[in-house]
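Please read this report alongside the sequence and the 3D view.

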Amino acid sequence: MSKKNYFPLFLILGLLLFINQHSFAQMKVLSKGAKAPMFTSNASLAGNEFEFSLKEALEKGPVVVYFYPAAYTGGCDLEAHTFAEMKDKFTAAGATIIGVSADDIERLKSFSSSPEYCAGKFPVASDEGGKIAATYGLELIPPKAGAKDVTGQQISHGFIPRTTFVINKNDEIVAVFSSETDHISPDEHVKKSLEIVEQL
């Protein structure tokens, strides 16, 4: 085989290697020190729909981006309620809170306004299909057959693993914790986030 014939082969192999490395990198959860991927998404605050921009939020100070599996499920309800209860402390530290799940915006409108959950204190964003989660290295988990929420409604969307990212105003991830790997409860995500933003 001539040198000319080898070139396309090397080109194809190199491209395949690049694609595989890129895909592998996306499956790895972003760690402390990484630059936070910017995103915009449909979100709801107290039942009102708007476009949330991470870039704009970071201009005001640190942001806690917390991914959660689904609205109206036990752990997620506790986490949202705890964030709502402690919202004033986050505000005092100059921090913004944004919850992100694969729920559609209509579900999030009621979840964001309910006094039992977000209580109109902070917004929650819709990441249908898990595209935002993927940029942070989080893989959407398919719903289990027959899975229902606390209201008895069937959950048809995928679940994003419960993972919290604390991002400073320089777009840097300063802390990451996951229920899966760090074995912490939903309300501990809130308490740990608060401790970190108070030190920034």
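The sections below go from the whole chain to single residues.

## Basis of the model

This is a predicted model, in which local features need pLDDT of at least 70 and side-chain atom pairs count only at pLDDT 80 or more, while totals for chains, interfaces and linings use all residues. Residues are numbered from 1 along each chain as its sequence is written, and side-chain values use heavy atoms, with hydrogens and water left out.

## The chain as a whole

The protein chain contains 8 helices and 7 strands. Helices (H or I, at least four residues) and strands (E, at least two) are DSSP runs, numbered from the N terminus.

Of the 200 residues in the chain, 44% count as buried. Buried means under 20% relative accessible area, exposed means over 50%, and partly exposed lies in between (1.4 Å probe, protein chains only). The chain exposes about 10,800 Å², and carbon and sulfur atoms supply 56% of this area. Accessible areas come from the Shrake-Rupley method with a 1.4 Å probe, and for residues only the protein chains shown count as cover.

A contact means heavy atoms within 4.5 Å. Among contacts between residues at least 6 apart in sequence, 70% join residues at least 24 apart.

## Helix 3 and helix 8

Helix 3 covers residues 74-85 and helix 8 covers residues 186-197. The two pack at an angle of about 30 degrees, with their axes 7 Å apart. Axes are lines fitted to C-alpha atoms, for helices over the stretch in contact, and angles run from 0 to 180 degrees between N-to-C directions. Helix 3 and helix 8 are therefore roughly parallel to each other. Angles under 35 degrees count as roughly parallel, over 145 as roughly antiparallel, 65 to 115 as roughly perpendicular and the rest as oblique.

Which residues of helix 3 meet helix 8? They are Gly75, Leu78, Glu79, Thr82 and Phe83, and on the side of helix 8 they meet Pro186, Asp187, His189, Val190 and Ser193.

Asp187 lies in helix 8. Is this residue buried or exposed? Asp187 is buried, with a relative accessible area of 19%. Leaving out residues up to four places away in sequence, Asp187 touches Leu78 and Thr82. Asp187 and Asp77 are 110 residues apart in sequence, and their C-alpha atoms are 9.7 Å apart in space.

## Two residues with positive phi

Most residues other than glycine have a negative phi. Tyr72 has a positive phi, near 65 degrees. Tyr72 sits in the loop between strand 3 (63-67) and helix 3, and is buried at a relative accessible area of 10%.

His183 also has a positive value, with phi near 55 degrees. The loop that holds His183 runs between helix 7 (179-182) and helix 8. His183 is exposed, with a relative accessible area of 67%.

Tyr136 is in the loop between helix 6 (131-135) and strand 6 (163-167). Tyr136 is buried, with a relative accessible area of 0%. Not counting residues up to four places away in sequence, Tyr136 touches a list of residues including Val29, Leu30, Pro37, Phe39, Phe67, Phe165 and Ile173. Tyr136 and Ala34 are 102 residues apart in sequence and 9.9 Å apart in space, C-alpha to C-alpha.

Ser126 is in strand 5 and counts as buried at 11% relative accessibility. Apart from neighbours within four places in sequence, the contacts of Ser126 include Ser41, Asn42, Ser101 and Leu108. Ser126 and Asn42 are 84 residues apart in sequence, with 5.8 Å between their C-alpha atoms.

Lys121 lies in the loop between helix 5 (105-113) and strand 5 (124-126). At 40% relative accessibility, Lys121 counts as partly exposed. Lys121 touches Leu45, Ala84 and Lys87, with residues up to four places away in sequence not counted. Lys121 and Ala46 are 75 residues apart in sequence and 7.0 Å apart in space, C-alpha to C-alpha.
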